[in-house]
Amino acid sequence: MSDTTPERRDVLVSLRGVHKGYREGDRERVVFAGLDAEIERGRVTVLLGRSGTGKSTLLNLVSGIDLPDAGEVLVDGRSLTALGERERTLYRRRHIGFVFQFFNLVQTLTVRENLRLPLELNGVRGAQAESAVTARLEQVGLADRGESFPDQLSGGEQQRVAIARALVHDPLLLLADEPTGNLDGETGRGVLELLARLVHGTGRTLVMVTHSSEAEAYADRCLVLVDGRLQERERGAV
Amino acid sequence: MSPLLGVAVWRHALRHPVQLALAVLGIALGVAVVVSIDLANGSALRAFELSAEGLAGRATHAIEAGPAGFPEQVYVDLRLGARVPAAPVVQGHVALLDHPGRALLLLGVDPFADHLVRSFVAGPGEARAGHLPALLTQPGAVLLSVPLARALGVGKGDRLALRAAGLRVAVTVVGLLEPADELARQTLEGVMVADVSTAQEVLGLVGRLSRIDLALGPDGPGDLERVRALLPPGVSLGPAGSRATVLDQMTRAFRLNLTMLSLLALLVGVFLIYNTMTFSVVQRRALFGTLRALGATRGEVFAAVQGEALLVGAVGTALGLMLGVVLADAFLALVTRTINDLYFTLHVRAVHVEWLSLAKGVALGVLATAAAAALPAREATRIPPRATLARSTLESGVRRRLPAAALAGAGMLGASAALLALPGRSLAVGFLSLFGVILGFTLLTPGALVLVLRPLPAWLGRAGSVLGPLAVRGVSAGLSRTGVAVAALMVAVATTVGVGVMVDSFRRSVAVWLEQTLRADIYVSAPTAMSARGGGSLDPRLLPRLAAVPGVEGTSTARTREALSSLGPIKLSAYSLNPSSRRGFRFLEGEPATVWPELEEQERAIVSESFGYRHGVGRGSRITLTTDRGERELTVAGVYRDYGSDRGVVAVSRRTYDRYWDDPGVAAIGLYAGRNADLAALLSEVRAVVGVDDAVVVQSNRDLRQASLAVFDRTFAITYALRGLVTLVAFVGVLSALMALELERGREVAILRAIGATRGQVWGLVLSQTGLLGTLAGLFAVPLGLTLALILIRVINCRSFGWTLDVHLDPWLLVQAVALAVVAAIAAGLYPARRMAGTSPARALREE
C-alpha cells in the first residue's frame with residue numbers, strides 16, 4: 001500500500017482519492033485528504049503509526065464499516081462506496097475476517113458457537129459448519145476448549161479463538177486491529193506467530209494495524225501512516 | 001437469521017435474571033390490570049344480559065307502563081281482542097329482612113299462561129306441575145330456585161320476611177325450582193317467583209300488572225297493529241330486551257372509565273418494557289457492534305432484539321392473563337357493588353372468563369411489548385460495527401436530539417389542547433387528549449432534567465459535598481436512561497395526582513351539594529338499597545303522623561321512580577318541597593324566582609344537569625312523558641345541579657305527579673324542626689312514631705350525609721385500587737431502571753472504592769442518586785398530574801356523566817405524591833446500593 005502504484009501487482013484493495021474527516025465539536029478534523037493506496041493479494045501488510053493518525057479509520061474504510069466523504073474504495077475490483085449499507089454488510093459477512101484488540105468474542109456464546117456464528121450468518125450449517133469449526137480450533141490449539149465460554153479463557157486463548165473465528169469462513173481479507181495490544185509480550189508473540197502461520201503460504205491477505213515493532217518481523221510489507229499519507233518503510237528501520 | 005444470534009442475545013437476558021424478572025413482572029401487571037377490568041366488566045354485563053334474556057324468555061315484545069303498572073283489564077282485553085300468545089307479569093324488588101342488603105326480584109306470573117314465554121316457572125314437567133296447587137291457593141306462596149334457596153339457607157315450607165312497598169310481609173317457600181340450564185340458573189339467582197295475585201298483594205299493586213310479555217309469530221306486524229289498537233293511554237308496546245340495551249348504555253361510561261384507567265396501567269407497563277429494553281441494548285453495545293462487524297445486518301439485529309422482547313412479552317402476558325383472572329374476582333365484587341349502589345340489582349356469582357378478553361390481553365401485551373421494544377431495537381441496529389462509538393458520543397447524540405424531542409412534546413401538548421377545544425362530546429377524543437398530554441410531558445422530561453440538573457453540581461460543590469456533584473453528574477451523564485426512568489415514575493405519580501384531585505374534587509362537590517340539598521333536620525326514607533333502584537316506598541299513612549309530631553314545623557317529600565318518555569326510560573322524581581328545601585337547589589339554567597312558580601303552577605318540569613347534558617335538554621325544551629293519563633308534554637323550566645344519578649333526573653311537583661300518575665308512594669320524607677327544638681329528642685320521638693320497622697330508615701341530616709358519602713367512597717374504591725396498581729407497575733419499572741443504571745456504573749463505583757470511598761459512601765452515592773431521580777420525577781409529576789386532573793374533571797367526567805365539578809386542590813395530596821416518588825425511588829435503589837457496596841473493587845475492575 002503506497003501513494004505510488006507498483007506495476008503488474010495483484011492488487012486486492014485500492015483506495016482512490018479518499019477524503020475522510022470527523023466533526024469534533026465545532027471543528028472538522030481531516031484524517032485523509034485524497035489518499036491513494038493499494039494492498040496486494042496474498043501478503044501480510046503491517047500498518048504502523050502514532051495514535052490518532054487514522055489507522056483504525058483506514059481499516060473501517062477497507063471493511064466497508066465506514067464510507068469515505070469522497071473518493072473510492074475497491075476490494076477485489078468491487079467498489080464498496082457504490083454499495084448500500086445492507087450490501088456492504090453482506091459483503092463484509094462473506095469476504096472479511098476481523099481480529100480486534102479486545103477480542104470482541106460474544107460472551108454469551110461458547111467457543112464453538114462463536115466460531116459457528118460467521119458460518120451460520122453465511123448460511124453454512126450442520127455437519128459442514130461443525131467440521132470447519134473443529135478444524136479451525138485444532139489449528140489454533142484449542143480443540144479441547146470448544147464448550148467453554150470466553151470469560152473462562154485467558155487473554156491469549158481468547159485472541160486465538162478470535163483468530164479462528166476470523167478465518168473460519170475463509171474470508172478474502174483478514175483485518176487485525178492491534179491484535180497484541182491487550183496481551184503481554186510473550187503471548188503477543190504467540191498470537192503474531194499464529195497469524196503469520198495461518199496466512200503465509202495460504203494465499204490469504206492480512207492487513208494488521210499495530211504499535212508492536214515485533215510485528216514487522218512477520219510482515220511482507222510495512223507502511224507508516226503520517227499526516228494522512230502512507231509511507232513505505234524499510235524492514236527493520238525504526 | 002442465524003439462530004445463534006438469538007441465542008447470543010437471549011443468554012444475556014438469562015444472565016441478568018432479576019432484570020428479566022422485573023420486565024416480565026411489569027408486563028404481567030399491566031396485562032393483568034387490563035384483563036381483570038375487562039373480565040369484571042364483561043362478567044357483570046353478561047350476568048345482567050343473561051338474567052334479562054332469561055326473564056324475557058321467548059318474548060318478542062312487551063307491553064309496559066311505569067312502575068305503578070297498568071290495570072289488569074288490559075290483559076283481559078288483549079286475550080279476548082287480539083288472541084296473541086301473552087303472559088302477564090307483576091314484578092318489583094323486595095328486600096330480604098333476614099339478609100341485610102340483599103334484594104330479590106319478585107316475579108309474579110300466571111302459571112297457566114307463562115309457559116308461552118318462559119319455561120322455568122310452569123310448563124311440562126311433573127316437578128313444576130307439583131308446585132301449582134300451593135302456588136295458586138296458598139297466600140304468600142313463592143318459589144325459589146334450588147341454588148338460591150341453598151344460598152339463603154331455606155327450604156320448602158320455610159317462611160321469609162320481606163319488605164316491599166314500605167311494608168313488612170311474610171311469604172312461604174312452597175316449592176323449589178331446579179334450573180334446567182345455565183341460563184335458567186343465572187336468571188333465577190336473583191328471582192323469587194309467585195302467582196300474579198300474590199305478587200300484586202306483596203307489591204301493593206292489586207288489580208295492576210307491570211308488564212305483558214308477547215311471543216309473536218311471523219305474522220308479527222299484523223298482530224302488533226291489533227295489540228296497539230287495544231292499549232289504553234299511558235301503556236306502550238315495544239320490543240322485548242330493550243331493557244338490556246338501556247342498562248348497557250347506563251353503565252357504559254362507568255365501565256369505559258375503568259377500562260381507560262386500566263389502560264393507563266398498561267401504558268406505564270410499556271414504559272417499563274421500553275426502559276428494560278433500552279438498558280439491555282445499552283449494556284450490549286459491544287455485542288451488537290461485534291455482531292455487526294461479523295456481518296449481521298441491521299434487520300437481523302433488529303429481529304434478534306425484537307424476538308427477545310417478544311419472548312419476554314409472551315411470558316409476561318401469559319402470567320398477566322393468569323393474574324388477571326384472579327384479580328378479576330376481586331374487581332368483580334367492587335364493580336357489582338358499584339352497579340348495585342348506583343344502577344340496578346345485579347347478582348354475579350363468578351367471573352366468566354371470556355376468551356375475547358383474554359385475546360385482547362394477549363394482543364395488548366404482545367403489541368405493547370413490540371411497540372415499546374421497537375425504539376431500543378432500532379437503536380441496537382444503529383450501533384456501529386466494532387462499537388467504535390464511545391458512550392459519551394451516544395449521550396451527546398441523545399442531547400442533540402433534546403430540542404427535537406422537546407419540540408415534539410410541545411407539539412403533542414398543543415395537539416391535545418386543540419382536540420380538547422374541539423366542540424363535541426366524544427369520550428374517546430377526551431381520552432386521546434389525555435394520553436397525548438402524557439406523551440407530550442414525557443417527551444419534555446429529558447430536556448427538563450438537563451435544565452434542572454445543570455446548576456446543581458456547582459451548588460453542591462460550593463456547599464462542600466464531594467459525592468453530591470458526582471451523583472448529579474451520574475444522572476445527567478446517563479440521560480439516555482435516567483430520562484426514561486424519571487418519565488415512567490412521573491407518569492405513575494401524575495396518575496395518582498390526577499385521579500386523586502379528581503376524586504377529591506368530586507367528593508367535595510358532592511359533600512357541598514349534599515349540604516345544600518339536604519336541608520331538613522331528620523329524614524325518614526325507604527332503605528337506600530331499594531331507593532337507589534327507584535323501588536323504595538314508604539307507607540303513605542306515615543306522612544300525616546310524622547307531620548303531627550310536636551316540634552316538627554314542616555315537611556318535604558320525594559318520590560323517585562322509573563318512567564317512560566319520548567327520550568326513553570327515565571328517572572322521574574316528584575317533589576313536595578318546603579321553602580327551605582327549595583333553597584338547596586342550585587340552578588344552572590333558570591332563576592329560582594321563576595322556576596318554582598312554573599314548576600308548581602304551570603305543570604312544568606326541571607331536569608338535572610346530567611340529564612340535560614345527555615339529552616341536550618335545557619330551559620324551554622319539551623319532554624313527552626308517558627303518564628297514567630296518557631302522554632303529556634312538559635316544558636323544562638330549569639336545569640339544576642344534582643350528583644344523585646349519572647342518568648339524570650326529570651323532576652315535577654308532587655301536585656303534577658298526583659294529577660297524572662296513580663301512585664301515592666313516597667320514598668323519603670324530610671322533617672323540619674322548630675327553631676328551638678331539641679334535635680336528639682325529636683329524633684327519638686320520630687323513631688317512636690315509626691316504631692320497630694326495618695322497612696323504614698330514620699336518620700339525622702348528618703347521618704344521611706355520611707351514609708351518602710360512604711356510598712360515594714365505595715364507588716371509588718375500585719379507582720383507588722387501580723391507582724395503587726399503576727403505582728406498583730411504575731415502582732417495578734423504576735426498580736428495573738435504577739438497577740440497570742447502577743449496575744452499569746459498577747466500574748465507576750469500583751474505582752471510588754479502590755481510591756478509598758467507604759461502603760457507606762457508596763450507599764450514600766447510590767441512594768442520593770435514586771433519591772434525586774425520585775424527587776425530580778415527583779416534582780415533574782405535579783404539573784402533569786394537575787393537567788390530568790383538569791382533563792378528568794372538566795372533560796372526561798363531564799362527557800361521561802354530564803356533571804361539572806368544582807376543582808378542589810388539597811396541597812397535602814401534592815406533598816404525598818412527591819413523597820411517594822422519592823420513597824419509591826429510594827426503595828428501588830436499595831438493592832442496587834447493597835450490591836454495589838458489597839462488590840469487591842478488585843473484582844469489579846477486573847471484570848471490566
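Student: Is A:Asp227 buried or exposed, and how many C-beta neighbours does it have inside 10 Å?

Tutor: This is a predicted model, in which local features need pLDDT of at least 70 and side-chain atom pairs count only at pLDDT 80 or more, while totals for chains, interfaces and linings use all residues. Residues are numbered from 1 along each chain as its sequence is written, and chains are lettered from A and ligands numbered from 1 in the order in which they are written.

A:Asp227 counts as exposed because it has 9 C-beta neighbours inside 10 Å. A:Asp227 lies in the loop between strand S9 (221-226) and strand S10 (229-233) of chain A; strands (E, at least two residues) and helices (H or I, at least four) are DSSP runs numbered from the N terminus. Although not a glycine, A:Asp227 has a positive phi of about 50 degrees. Most residues other than glycine have a negative phi.

A:Asp76 also has a positive phi, about 55 degrees, and is not a glycine. A:Asp76 sits in the loop between S4 and S5 of chain A and counts as partly exposed because it has 14 C-beta neighbours inside 10 Å.

Strands S4 and S5 belong to an open four-stranded sheet of chain A, ordered S2-S1-S4-S5 with antiparallel pairing; pairing requires at least two DSSP bridges between two strands. S2 (27-40) and S5 (78-79) of chain A are the edges, each with a single partner strand, so one side of each lacks a neighbour in the sheet.

Key
A residue is buried if 20 or more other C-beta atoms lie within 10 Å of its own, exposed if 12 or fewer, and partly exposed in between; C-beta atoms are placed from the backbone.
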